[in-house]
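Work through the exercises below with the structure in view. Each task is followed by a solution in steps.

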Amino acid sequence: MLFLDLFVEGLVQGSIYALIAIGLTLVYGLLRILHVAHAGMFTLGGYLSVWATNASGSFVLSLLAAALAAGVAGILVYRLCYRPILHRPPHVALIASIGLYVGMEELFRLFFGPYGMSHTDPPLSETVGFFSMRLKYAEIAIMAGAVALISALAVVVNKTRLGMAWRATVAEPQMALSCGINNDRIRDLIFFIGSALAALAGAMVALVNNYAEPTMGAVPAYKALAIIVLAGLGDVGGTLLAALALGVIESFGTIYLGKALDRDAIAFAFMIVVLMLRPRGIFGKG
């Protein structure tokens, strides 16, 4: 049952990528900014979930704390870093975002220490049989949590006034403003939601690996950027499918291409091939 093992492993990894990349897509769709500092929210979620679990003994409480703290941090990033430079060319915001992420890595290193942090009593570490496989409860929680969160986000985007306001702000920001939509409030909410999703992804990675460290967000952030390019920039549904596809391709690639390429190289090789065939991404429109 190697095929099934690899497929499930790919779905677990793809679920984590999806939570990171969807927040990145929301921000790009709203402001046309490649929000590299999003990776800092991922790392913040990992650290806070480990710290709060060790302090309180409740993993659920730690998830809530990590999501709330990262969401507030996301709003601060928008207001203090991006809002003052929205009128500048896009590369200015990109450079600011890269600098902010580097600074956040150093703050994590100074505050939490350079050697990382682990759970004293790892939650959800037990396993359960599933066909011929044994899955950790943590892996099941990741997939179930990703489905629940992404489904809730889809309902918000498509069925609520907030979602309608977000779509209007993305399509015609000046028209939305003239119709009474508060663009800054929408941006605050999108940064809150995107940062909270990234923090939850970081918490899940810290749970599975039982480890959070200052640079844990670097590689997932690069892959999230690759995913939103593959999906066609700003496409939320395409981002979800691209994230799951990348997770599955990585999983199978480590077995069948592992002697030639490592896991991360497989991901970027896949992106290069796709962009050679479809420069606007898999789901990008001409």
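**Exercise 1.** What percentage of the 286 residues in the chain do buried residues make up?

Solution. The model is a predicted one. A residue counts as buried when its relative accessible area is under 20%. By that cut-off, 47% of the 286 residues in the chain are buried. As for the surface, the chain exposes about 13,800 Å², of which carbon and sulfur atoms supply 69%.

**Exercise 2.** Compare the radius of gyration of the chain with that of a compact globule.

Solution. For 286 residues, a compact globule would have a value near 19 Å. The chain has 19 Å, so the two agree. Along the principal axes, the C-alpha atoms fill a box of roughly 60 × 50 × 35 Å.

**Exercise 3.** Classify the pair formed by the rings of Y47 and F112, and say which parts this pair ties together.

Solution. The structure holds six aromatic pairs. In the pair of Y47 and F112, the ring centres are 4.2 Å apart and the planes stand at 5°. Planes under 30 degrees apart count as stacked, so this pair is stacked. Next, locate the residues: Y47 lies in helix α2 (residues 38-56) and F112 in helix α4 (residues 90-112), so the pair ties together parts 65 residues apart in sequence. Y47 and F112 are both buried. Together with F108 and F111, Y47 and F112 form one aromatic cluster.

Key. Residues are numbered from 1 along each chain as its sequence is written. This is a predicted model: local features need pLDDT of at least 70, side-chain atom pairs count only at pLDDT 80 or more; totals for chains, interfaces and linings use all residues. Side-chain values use heavy atoms; hydrogens and water are left out. The radius of gyration is taken over C-alpha atoms; the globule rule is 2.2 Å times the number of residues to the power 0.38. Buried means under 20% relative accessible area, exposed over 50%, partly exposed in between (1.4 Å probe, protein chains only). Accessible areas come from the Shrake-Rupley method with a 1.4 Å probe; for residues, only the protein chains shown count as cover. Rings of Phe, Tyr and Trp (its six-membered ring) pair if their centres lie within 6.5 Å; planes under 30 degrees apart count as stacked, over 60 as edge-to-face and the rest as tilted. Helices (H or I, at least four residues) and strands (E, at least two) are DSSP runs, numbered from the N terminus.
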